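Reader: I am new to this structure. How do I start reading it?
Author: Take a look first, then we go feature by feature.

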Amino acid sequence: MTETRPLVATDLPQMLALAQDAFGDFPAGYVPPVPADHPAPGRHDWGTFDGDVLAAKVVRREYDSWFHGRRVATNGIAGVAVAAEHRGRGLLDDLFAAVLDEGMRERGEVVSTLFPTAPGIYRRYGYELVSSYDTVEIPTSRLLAVPKPASTTLRRATAADVGEIRRVHETWARAQNGPLTRDGASFTADADAFLASFSGVSIAEEDGEVVGYAAWQRGRGYDTTATFEIEDLVALTRDATLALWRLAASYATVTGHVRLLTSGRDTARLVLPFDTWTVVQSHPYMLRVHDVAGAFAGLPLDTQITFSVAGDLLGTTNGDWTLTPVDGLATVSPGGPGGPVLAPRGVALLYAGAASTTDLRMAGLLSGDAGQDRALDTLLDGRQLHIRDYF
C-alpha cells in the first residue's frame, strides 16, 4: 500500500539518501540541509511511501516567469527520483498530480517547467522540450576582434546598483518567453549576497544609465587552460553587449576560453564578428501548460478562437475552449467541439512559441479543423524563447 504526502523535516534522511541514490554522490563541499532549515523558502517536497520506505519524490519550486509580456505563476519541478527497486510501477503519476494541484491551488501556477534527464518520462504528463540552457565556449583570443563601442562605459557594480541590474533583467525578460522573474520566495538573496556569489558583476552605462551587466566567475589559473565564465550577460543595446564582450576579451593573456551560460538565439551572439560558438554542455528544458484558462487569459486578442485539448493524463487541460476578445484581451471560457484539437505537448510548444501550428500538425500534436491555425500562430508568436536559470 502506497501513500503520497508532503515530506517533512523528519523525512530528510530518506530524502537525502534517495537523492544520492538517483543523482550520485554529493559534490565536494556540499552541506546537507538540517531539519531546522527545512523546507527552504519557496520549496515544497512531496514523496510516495511504500510502507515506511520513501519510494519516490518530487520537489516543487515557486517561481514566476515571463510569457507573452505577462508574469505567469510557474511550478518549477526538480529533484525527481524513484528508488531503483520501485521503478516501473507508475509512482510518479500520483506525485505529479499532487504537486501540480498544490501549485495551482496555492499560487495559481498555470505552467510547469523542468530540466529532464529522460524527456520520455515527462511527455507522459504533457511536458515537451521547448528550449535548452547551454554552456557555450569561445576562445578568449577571438573576442579581441569585437569592435569597441562608441560611448558605453563599464564599471564594477556595488550593492547600490543591484536595483538597476534587476531593472535591466526585467526589461529584457518581459520581451522574451521563458525567463524567470528572479524575485519571490525562491530568490531571497539581498544585494550583498547577490554580488558575493560572483567574482565580479560589471555594469555597462550609456549617458549615465545602466543598460547591461555581466555576472562572471574568474576561475582558477592564468594560462591557456584557464576559463573565464560569464553566468549572466544581459544588455539592452548593441554597444552594451560589445562592451561586456570586450571585458571578457581583456582576459585573453591569462585565460584560454570564455564560457557563457545562454539559450536560444541570444542577441549576444549576433554582435560577434565571427561564428565560433561551441556548445560544451546542454540542459534540455521542458514545459507543461497546466491551466489553459490561466495561461491564455489576458493575451492580446482581436478575434475569437476556439480549440480543444485532448489526451491530458492529469486531466486539467482537457476540454473545449473559447478565447473571446474583450477590450483587446482574451477571456477564456468552455467552448464547443469542432475546432482544432491540440495534444497537451502541442499546447506546451505553441504557448512557448517553440513551434508553429504547421509543425504541430506534422508531428501529430494538432489535428482537426485548420481554420483557426493562423489565428493561433498570430496569438502566440513574436517572442524568442530564452532560459537564463538552472534551478
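Author: Begin with salt bridges. A salt bridge is a side-chain nitrogen of Lys or Arg within 4 Å of a carboxyl oxygen of Asp or Glu. This model is predicted. Here, aspartate 232 and arginine 388 meet in a salt bridge, 4.0 Å from N to O. Aspartate 232 lies in strand 10 and arginine 388 in the segment after helix 11, so the pair ties together parts 156 residues apart in sequence.

Reader: Is aspartate 232 buried or exposed?
Author: Buried means under 20% relative accessible area. Aspartate 232 has 5%, so it is buried. Arginine 388, at 3%, counts as buried too.

Reader: Which residues do salt bridges with shared partners join into one network?
Author: The network holds Arg60, Glu62, Asp64, Arg71, Glu102, Glu106, Arg107, Glu109 and Asp183. A search of the whole structure finds 28 salt bridges.

Reader: How do I read a nonpolar core?
Author: In soluble globular proteins, nonpolar side chains tend to be buried together. In this model, the largest nonpolar core has 40 residues. Leu287, Phe296 and Tyr351 are among those with the most contacts inside it.

Reader: Which element gives the largest share of this core?
Author: Helix 9 does, with six residues. A second, separate core has 27 residues, including Phe228 and Tyr251.

Reader: What does tyrosine 351 touch?
Author: Leaving out residues up to four places away in sequence, its contacts include Phe67, Val111, Leu287, Phe296 and Leu380.

How values were computed: Residues are numbered from 1 along each chain as its sequence is written. This is a predicted model: local features need pLDDT of at least 70, side-chain atom pairs count only at pLDDT 80 or more; totals for chains, interfaces and linings use all residues. Side-chain values use heavy atoms; hydrogens and water are left out. A nonpolar core is a set of buried Ala, Val, Leu, Ile, Met, Phe, Trp, Tyr and Cys residues joined through side-chain atoms within 4.5 Å. Buried means under 20% relative accessible area, exposed over 50%, partly exposed in between (1.4 Å probe, protein chains only). Helices (H or I, at least four residues) and strands (E, at least two) are DSSP runs, numbered from the N terminus. Contact means heavy atoms within 4.5 Å.
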